[in-house]
Amino acid sequence: MSSSANPRHPIALVAMTLVMAAIFVADTTTHYEVAIAVFYAVVILAATRVLGRHALLILSVTCLLLTWVSFAMTPHGTYHIGLVNLAISNAAIVVTAYLVVKMEAARMAAQAMQEQLMRIARGQSLEGLTTSIAHELNQPLAAITTSGHACQRWLAQEPPNLDKAGQTLERIVRDAGRASEIIARVRSLTKGELPHKMAFDFNEAVQEVLTLSQELMQTHQIALNLELDDQLPLALADRVQIQQVVGNLVLNAIDALTLVSKRRRSITLTTGLRDGRILFAIADTGIGIAAGLYEHLFDAFWTTKKDGIGIGLSISRTIIEANHGQIWAESNASQGALFLFNLPIAKPIQEPAG
């Protein structure tokens with residue numbers, strides 16, 4: 001805090017000056033027996049929100065001087081009682097000033113400690129950001145690797161299957177572009193930029209993510225049930241960020257299903273409209289979530305996976321909330337896990353009248 005008056009409180013400064021003048025006049029015109037000067041202590045306390053430490057000390061000295069000038073100018077009352085009241089008033093001013101200075105010193109120390117904690121938190125956030133980048137890029141990079149191996153197989157055939165290889169190369173280019181977009185989004189987050197919101201076809205965005213996961217589902221023999229509402233309005237959010245969340249939830253479901261027998265592995269993915277918002281739900285038939293764990297699911301660095309790092313759902317919640325949505329988990333009738341999130345819809349463009 002500055003040692004001078006805060007320029008944002010001119011009215012408070014004027015009021016404080018008027019109060020001090022009123023105290024001085026009342027203390028001067030009344031008898032010695034009336035200890036009006038003790039009210040200067042109230043002025044000092046009130047000034048702590050307006051003045052800095054050094055200015056408060058100057059104010060306190062000014063109040064002490066005013067009590068002595070007022071005492072010298074007071075024409076009425078018993079002199080020795082006036083001396084006692086003067087001593088009491090001066091003691092009240094000095095004690096109040098001392099306490100105020102101590103409080104200000106404690107506040108400054110607390111502020112310094114807070115700044116230190118913020119620096120520590122910033123360092124930890126950088127570590128978390130590095131982990132976040134690695135986590136988010138893992139999906140498109142893994143897809144690129146899988147597509148690259150597939151492309152090699154198509155080209156190694158006799159004769160080479162150029163059509164399939166070409167389709168695989170298109171997926172590689174698309175995944176590389178997605179990785180580039182993720183890096184751009186992370187850079188935007190480090191600059192404090194808001195999500196790049198736009199109106200987009202939510203079902204189409206979801207199906208793009210599922211295309212990346214098809215081979216992984218086939219490898220683990222997972223059945224996919226789609227229940228997409230074809231009358232869904234456009235969503236209003238950052239398309240790439242929402243696809244990151246969908247991809248993370250799909251991968252979590254796949255991981256959960258690898259722990260159960262192949263014949264019961266299935267994922268049901270649903271989109272729809274609820275309460276004027278787009279609703280996404282993904283249910284699996286895995287081992288499910290214990291009742292006492294729901295409150296920790298979205299905590300950072302908390303996980304039930306043996307090799308997990310516990311940031312996927314935390315990042316997902318941050319993204320969904322940044323796009324003005326909500327994400328949560330519910331109990332699933334199939335004994336597996338059920339995750340849901342909603343998003344705002346894009347308002348339709350109003351056609352001009354007649």
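Two strands count as paired if DSSP finds at least two bridges between them. Helices (H or I, at least four residues) and strands (E, at least two) are themselves DSSP runs, numbered from the N terminus. What you're looking at is a predicted model, where local features need pLDDT of at least 70, side-chain atom pairs count only at pLDDT 80 or more, and totals for chains, interfaces and linings use all residues. Residues are numbered from 1 along each chain as its sequence is written, and side-chain values use heavy atoms, with hydrogens and water left out.

**View A. Strand 7 and its two partners.**
Strand 5 (residues 277-284) pairs with strand 7 (residues 337-343) in the antiparallel sense, over six bridges. As a bit of background, strands of a sheet pair through backbone hydrogen bonds, either parallel or antiparallel.

**View B. Strand 7, face by face.**
Buried means under 20% relative accessible area, exposed means over 50%, and partly exposed is in between (1.4 Å probe, protein chains only). Seven of the seven residues of strand 7 are buried, so the strand is largely enclosed by the rest of the structure. In a regular strand the side chains alternate between the two faces of the sheet. On one side of strand 7 you'll find Ala337, Phe339, Phe341 and Leu343, and on the other Leu338, Leu340 and Asn342, all of them buried.

Now take in the open sheet of five strands, which has the order 2-4-5-7-6 and mixed pairing. Strand 2 (223-227) and strand 6 stand at the edges with a single partner strand each, so one side of each is left without a neighbour in the sheet. From one strand to the next, the twist averages 15°. For angles like this, axes are lines fitted to C-alpha atoms (for helices, over the stretch in contact), and the angles run from 0 to 180 degrees between N-to-C directions.

Helix 3 (residues 53-73) has 21 residues and reaches 30 Å from its first C-alpha to its last, close to the 30 Å expected at 1.5 Å a residue. That expected span is 1.5 Å times one less than the number of residues. Its buried residues are Ala55, Leu56, Leu59, Ser60, Cys63, Thr67, Ser70 and Phe71. They cover an arc of only 150° around the axis, which puts them on the same side of helix 3. The arc is that of the directions from the helix axis to the C-beta atoms. Turned away from that buried side is a face with the exposed residues His54, Ile58, Leu65 and Ala72.

**View E. Helix 2 against helix 3.**
The axes of helix 2 (residues 40-47) and helix 3 come within 10 Å and cross at roughly 165°. The two helices are therefore roughly antiparallel to each other; angles under 35 degrees count as roughly parallel, over 145 as roughly antiparallel, 65 to 115 as roughly perpendicular and the rest as oblique. Helix 2 has its own buried residues, namely Tyr40, Ala41, Val43, Ile44 and Ala47. They cover an arc of only 155° around the axis, which puts them on the same side of helix 2. Val42 and Ala46, on the other side of helix 2, are exposed.

**View F. Helix 1 against helix 3.**
Helix 1 (residues 10-29) packs with helix 3 at an angle of about 25°, and their axes are 8 Å apart. These two are therefore roughly parallel to each other.

**View G. Two loop residues with positive phi.**
Most residues other than glycine have a negative phi, and most peptide bonds are trans. Gln221, in the loop between helix 6 (202-219) and strand 2, has a positive phi, near 55°. At 46% relative accessibility, Gln221 counts as partly exposed. His324 lies in the loop between helix 8 and strand 6, and its phi is also positive, near 60°.
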